[in-house]
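Take a look at the structure below. Then follow the text from one part to the next.

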Amino acid sequence: MLALEVSHINKTFRTKKGETVIANDDVTVKIEAGKIYGLLGPNGAGKSTLISMISGIMTPTSGSISVFGVDALTRTVEAKKMMGIVPQEIVTELAFTVDEILHYMGGMYGVPLAERKDRIGEVLRDLDLEDKRYERARSLSGGMKRRLMVAKALMHKPKFLILDEPTSGVDVALRQKIWELVRRMNKEGATILFTTHYLEEAEQLCDEMTFIHHGRVIKQGKLSDIQKEFSENVVAFELYKPNVPHLPGVHKEGTEFHYPVTHLDQDMSAVIKHYGENLRSIKSAAASLENIFLKLTAN
Ligand SMILES: Nc1ncnc2c1ncn2[C@@H]1O[C@H](COP(=O)(O)OP(=O)(O)OP(=O)(O)O)[C@@H](O)[C@H]1O
Ligand SMILES: [Mg+2]
């Protein structure tokens, strides 16, 4: 079952100067139900634009979007009820209290009045925001406002949670809290789509991912497959005495030496055999998501 099917989406904007900006160019993304999925790309790549279209805030220029089989462009209300959206920008009604805002959100998404009070307590507990329940949103710090944004999206227990940079500008403790929550919701059955510029987060959390750059999908798939494809394929080692005869193909990289790999086990032993007691350390190097990202978005 697909939680999300985005097919051949195009979105163009017209700027005030009359220029055309192509924010999404033939974007296709499929997310299996139950997955944690990352949407990655540099500033201006088109991630938030795509999320706005999935969440029914913007209309695509062309293409189709369905959420759990429901056409999100024509049956918007039905599709929206299945989703919880945490937008990138903090948008909230500053004059109201946290409790009032969450009551309103719950009401909008059909949480029965009798259940709303308890549900508000639950989400605030999950986000460590209980002591702010009766404070006005205006008086919250930036990180607390971000938590409130997450709380709003969780009120109706969505089966598809979309988070646009939920951890930008939040402290380490809250970041971990958010990811704990995301993992727990995922275990309980929710599908998750998120964007982040912290690639180590994506590395730890995602089952699969899509990279977009200049509005276009440039890579998608499982992290392990992408890593395999981009693997630097080297045995990296350090020596006590660097000025010795080297194996053919060895080159220096900072304080390390790199030896290209064809068969990891054999190449490791070739290095060990050749350098013997001169070896200070040895490891195999896999490509980090950060290096992959830089390579993919180099132009
Ligand atoms: N309402 C708008 N009107 C005109 N151009 C827009 C509008 N919204 C977005 N754009 C343009 O579309 C492109 C994609 O923007 P988008 O916000 O989707 O990027 P992003 O991948 O979310 O970037 P970031 O990582 O900085 O959040 C940018 O060039 C942006 O200037
Ligand atoms: Mg964005």
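Start at the interface of domain 1 and domain 2. There, zero residue pairs are in polar contact. Keep in mind that this is a predicted model, and that both residues of a pair had to reach pLDDT 80 or more to be counted. Salt bridges between domain 1 and domain 2 also come to zero.

Which residues stand on the domain 1 side, by class? Nine are nonpolar, three are polar and two are charged. Several elements give two or more residues to this side: the helices α7 (199–205) and α8 (223–230), and the strands β9 (208–213) and β10 (216–222).

Now step back to the whole protein. Domain 1 covers 2–227, and domain 2 covers 231–296. Their C-alpha centres lie 41 Å apart. The contact draws 14 residues from domain 1 and eight residues from domain 2.

How is such an interface sized? Often by the accessible area lost when the parts come together. Between domain 1 and domain 2, about 930 Å² is buried. Carbon and sulfur atoms give 77% of that area. On the domain 1 side, L199, F211 and Q227 lose the most area to domain 2. Together they make up 53% of what that side buries.

Turn next to ligand 1. It is surrounded by 14 residues, and the closest are N43, G44, K47, S48 and T49. The side chain of N43 has an N or O atom 2.8 Å from an oxygen atom of ligand 1. For the side chain of K47, the distance to a ligand 1 oxygen is 2.7 Å. For the side chain of Q88, it is 2.9 Å.

How values were computed. Residues are numbered from 1 along each chain as its sequence is written. Chains are lettered from A and ligands numbered from 1 in the order in which they are written. This is a predicted model: local features need pLDDT of at least 70, side-chain atom pairs count only at pLDDT 80 or more; totals for chains, interfaces and linings use all residues. Side-chain values use heavy atoms; hydrogens and water are left out. Domain bounds come from an automatic or database domain assignment. Contact means heavy atoms within 4.5 Å. Buried area is the accessible area (1.4 Å probe) that two parts lose on being put together, summed over both. A salt bridge is a side-chain nitrogen of Lys or Arg within 4 Å of a carboxyl oxygen of Asp or Glu. A polar contact is a pair of N or O atoms within 3.5 Å; within protein, one must be able to donate a hydrogen and the other to accept it, and residues adjacent in sequence count only if both atoms are side-chain atoms. Helices (H or I, at least four residues) and strands (E, at least two) are DSSP runs, numbered from the N terminus. Ala, Val, Leu, Ile, Met, Phe, Trp, Tyr, Cys and Pro count as nonpolar, Asp, Glu, Lys and Arg as charged, and the others, Gly among them, as polar. A residue is near a molecule or strand if one of its heavy atoms lies within 4 Å of it.
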